[in-house]
Amino acid sequence: MKDVSLAKTYALHIGIIALLFVLNFVLPDYHQGLFARIMTLAVFAMGYNLLFGYVGLLSLGHAMFFSAGLYGAGLTVYHLGWGVPEAFVAGVACGALLALVIGLLALRTSGVAFMIVTMMFAQVFYLLILYFAAWTGGDQGLVIQQTSRALNFGSTSFDLTNPTVRYMSALALFSVVLFITLAVVRSRFGRVLVAIRENEERTRMLGYDTVANKLAAVVLSGTICAAPGAAYALLFGYIGSSFASVQYSILPLLWVLLGGAATTLGPLIGTLFMYYVTDITSGFTSAYLLIVGVALILLVLFAPKGILGSIRQRWLGWLP
Amino acid sequence: MHFGPHLLLAALEGLVTSAVLALTALGLSLVFGVMRIVNVAHGEFFMLGAVLAWAISTAISGHPAIGFVAALVIAPLMVGLVAFFAEWLVLRRLNYNPESTIVATIGMLYIIQQLALTFYGPEARPVEPPFSYRILLPWFGYSGYKLSVVAASAILLVLTWLVLTRTRIGLIMRATQYDRETAQAFGIPVERVYAGVFAIGAMLAAIAAVLIVPISQAHYLMGQDPLLLSFIVVIIGGLGSLRGTVVAAILIGLSDGIISMFFSPTLAKIIATLVVAMVLVFRPQGLFGTTQR
C-alpha cells in the first residue's frame with residue numbers, strides 16, 4: 001500500500017512539472033509571462049506553507065524573508081555588479097541569516113504573540129528599506145538593467161529577460177523546491193514538525209527538542225522564501241519596498257489557505273487560482289482588494305482546508 | 001524658537017496623539033481582553049469613523065459645530081452597527097478561534113478599505129473644526145480645538161473606567177473576561193456580551209477618529225498607523241489593563257511627538273516597533289500587566 005502511494009505521489013509531481021514544461025510552448029505570450037510569475041510566487045507560498053501548514057506556526061511577517069532575498073540579490077547586482085549566480089546565493093544567504101535571527105527571537109513567543117512579533121519585525125524591515133532609500137530606492141524601487149541579468153556558463157550566455165529562459169528558470173526553481181518540500185515532509189524531521197503542530201507538549205514529552213525543530217523549520221522556511229525573492233529580482237528586474245509591505249506577508253497566507261495548507265501542491269494551486277481570479281475580475285473592476293478580503297473570509301468560514309485539502313479529505317487520502 | 005518652547009510644542013502635539021491613541025487602543029484592548037481575539041480590522045473601523053464624519057458633516061449645512069456634533073454621535077453608532085454585524089456574521093461562526101479570527105479580520109480590513117476607496121475616493125478630505133479658538137501662549141498660539149480633544153478623550157476614558165468598574169454591565173464584561181465558561185454557567189449571555197464588546201471597541205476607535213479628523217484629514221489608508229500604534233500601546237500597557245493602556249498611550253504619543261520633531265518620523269517608528277517587539281519577546285505580559293492565567 002505504502003509503495004503504491006509513493007509511486008502515485010512521484011507520478012503526480014513529475015506529471016505536474018512535465019505539464020508546466022509543455023505549457024511553455026503552448027501558452028500565448030501574456031500567459032507565459034504570468035505563469036513564470038505565478039511559479040516564482042508559488043515557491044514563496046511553498047516556503048510559507050512549510051511553516052504554517054506543517055508546523056502550524058502562523059507568521060504575519062514572511063514578506064521580510066522574500067524581500068531579504070529580493071534585496072540581497074538585487075542590491076548586490078545593482079551596487080556591486082555581481083553576476084547572477086553569486087547574487088542569487090547572496091539573496092538566499094540573507095534570507096537564511098535573517099530567518100535564524102528572527103527565529104531565535106520570535107520562537108520565544110507562541111500563538112497570537114508569535115503573529116504580532118513576526119508582523120512587527122517585518123514592519124521594522126519595511127521601514128528600514130524606506131529609511132535607507134538612498135541605497136534601496138525606497139518606495140520607488142530600483143530597476144535592474146537587462147545587461148546585468150545574463151547567466152553565463154562558459155561561452156554560452158542565457159538572457160534572463162528572454163521569456164522562455166525566464167519561464168524555464170522559474171520552473172527549475174519551482175521543481176527543485178517542490179521536491180525539497182516533498183522530501184522534507186516525508187522525512188523523520190517532517191513528521192516531527194507535524195507532531196509539533198498536533199500536540200507540542202506531547203511531542204516534547206516523547207523526547208523531541210521541539211524548540212530546535214521549530215527553529216530549523218523557521219530557517220528552512222525563510223531560506224525557501226528568500227529564493228523566489230532573489231529569483232524575482234533577477235528574472236523580472238525590479239525591486240521595491242512594496243514587496244516588504246504587510247500585504248506581501250498576507251498574500252502567501254491567502255494562497256496557502258486557498259490551495260490547501262499542509263499539501264505539497266496546494267501553494268501552486270492557490271497562487272494560480274488567485275492570480276487568475278484577479279486577472280479576470282480586473283477586467284470588470286479595480287476593486288481587487290475586495291476580492292482578496294471576501295476570499296479570505298469565505299475560506300476561513302467554509303473551506304478552512306482549502307481546495308486540495310478538501311480533495312484529499314474526500315477522495316484522495318494518499319495526497320502528500 | 002528656542003529649545004524650550006520647541007519641546008513644549010512637541011509635547012503638546014504628542015499629548016493630542018496620546019489622547020486619540022488611548023481611545024483607539026482601549027477599544028482594541030477591550031476586544032483583546034474580553035474576547036481573546038486580535039482584531040486586525042480595528043484600524044479600518046477608525047478610518048470608517050473619519051470617513052463617515054466627513055460625509056455627515058458635509059451633508060449638514062449651517063454652523064460647522066452642528067455637523068461636527070452630528071458626526072460625533074452618528075458616525076460611531078454606524079461603525080458600531082457594522083462591527084456588530086461583522087461579529088454576528090463571521091466571528092461567531094468561527095467560534096472565536098484566535099488564528100481563524102485573525103485571517104477573517106484581515107479579510108474585513110481589505111473589504112472596508114476597498115469599499116472606502118471605491119465610494120469615498122483616494123483624496124484626503126478635511127472636516128471643519130467646530131470652533132477655531134486659538135490659545136495664545138507667550139511663544140506661540142495653539143489651537144484650542146486640539147486641547148479640547150485631549151479633554152474629551154480624558155472624559156471618555158474616565159467614563160469607560162466607571163462603566164467597567166462601577167456598573168452591572170462592567171461586572172458582566174469582567175466576569176466574561178475572567179472565565180467564559182463559568183460566566184455562561186451563571187446565566188450570562190456570553191455571545192451577546194461578545195457582540196456588544198466588539199461593537200463598543202469599534203465605536204471607541206470611531207470616536208477617536210471623529211475627534212482627530214478636523215486636525216488630520218480623512219483618508220482611506222489612515223487606519224494603518226493607528227492599528228500598529230494601538231497594538232504597541234496594548235502590548236506595552238499589558239492586556240486588559242486600563243491604567244496600563246492609558247500610561248502606555250501617553251508614553252508612546254509623547255515620545256512619538258518628540259522623536260519625530262527632532263529626528264526622522266521613520267526612525268521614530270522603527271525604534272518604537274523594535275522596542276515593542278522586544279518587549280513582547282522578553283516580557284510578554286507587558287510592562288504593567290500581570291501574568292495571564
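Axes are lines fitted to C-alpha atoms, for helices over the stretch in contact, and the angles between N-to-C directions run from 0 to 180 degrees. With this convention, helix H8 (residues 188–198) of chain A and helix H10 (residues 210–236) of chain A pack at an angle of about 110°, and their axes are 10 Å apart. The model is predicted: local features need pLDDT of at least 70, side-chain atom pairs count only at pLDDT 80 or more, and totals for chains, interfaces and linings use all residues. Residues are numbered from 1 along each chain as its sequence is written, while chains are lettered from A and ligands numbered from 1 in the order in which they are written.

**Helix pair H8 and H10 of chain A**

- Helices (H or I, at least four residues) and strands (E, at least two) are DSSP runs, numbered from the N terminus.
- H8(A) and H10(A) are therefore roughly perpendicular to each other, where angles under 35 degrees count as roughly parallel, over 145 as roughly antiparallel, 65 to 115 as roughly perpendicular and the rest as oblique.
- H8(A) passes H10(A) in a left-handed crossing; a crossing is left-handed if the near helix is turned anticlockwise from the far one by less than a right angle, and right-handed if clockwise.
- Val192(A), Leu193(A) and Ile196(A) of H8(A) meet Thr210(A), Asn213(A), Lys214(A) and Ala217(A) of H10(A), two residues being in contact if their C-beta atoms, placed from the backbone, lie within 7 Å.
- The residues of this contact comprise 4 nonpolar, 2 polar and 1 charged (Ala, Val, Leu, Ile, Met, Phe, Trp, Tyr, Cys and Pro count as nonpolar, Asp, Glu, Lys and Arg as charged, and the others, Gly among them, as polar).

**Helix pairs of chain B**

- Helix H2 (residues 42–59) of chain B and helix H8 (residues 190–212) of chain B have axes that come within 7 Å and cross at roughly 45°; H2(B) and H8(B) are therefore oblique to each other.
- The contact of H2(B) with H8(B) consists of 13 nonpolar, 2 polar and no charged residues.
- Helix H1 (residues 3–35) of chain B packs against helix H9 (residues 224–237) of chain B at about 65°, with the axes 9 Å apart.
- H1(B) passes H9(B) in a right-handed crossing, and the residues in contact include Leu21(B) and Phe32(B) of H1(B) and Pro226(B) and Val234(B) of H9(B).

**Buried residues and the nonpolar core**

- Ala244(A) lies in the loop between strand E4 (238–239) and H11 of chain A.
- With 29 C-beta neighbours inside 10 Å, Ala244(A) counts as buried (20 or more other C-beta atoms within 10 Å of its own; exposed means 12 or fewer, and partly exposed in between, with C-beta atoms placed from the backbone).
- Ala244(A) and Phe65(A) are 179 residues apart in sequence, yet 8.5 Å apart in space, C-alpha to C-alpha.
- The largest nonpolar core has 194 residues, and Ala206(B) is among those that touch the most other members; such a core is a set of buried Ala, Val, Leu, Ile, Met, Phe, Trp, Tyr and Cys residues joined through C-beta atoms within 7 Å.
- H8(B) gives the most to this core, with 18 residues.

**Interface between the chains**

- In chain A, 33 residues are in contact with 32 residues of chain B.
- H5(A) supplies 13 residues, the largest share of the side of chain A that touches chain B.
- That side of chain A has 28 nonpolar, 4 polar and 1 charged residues.
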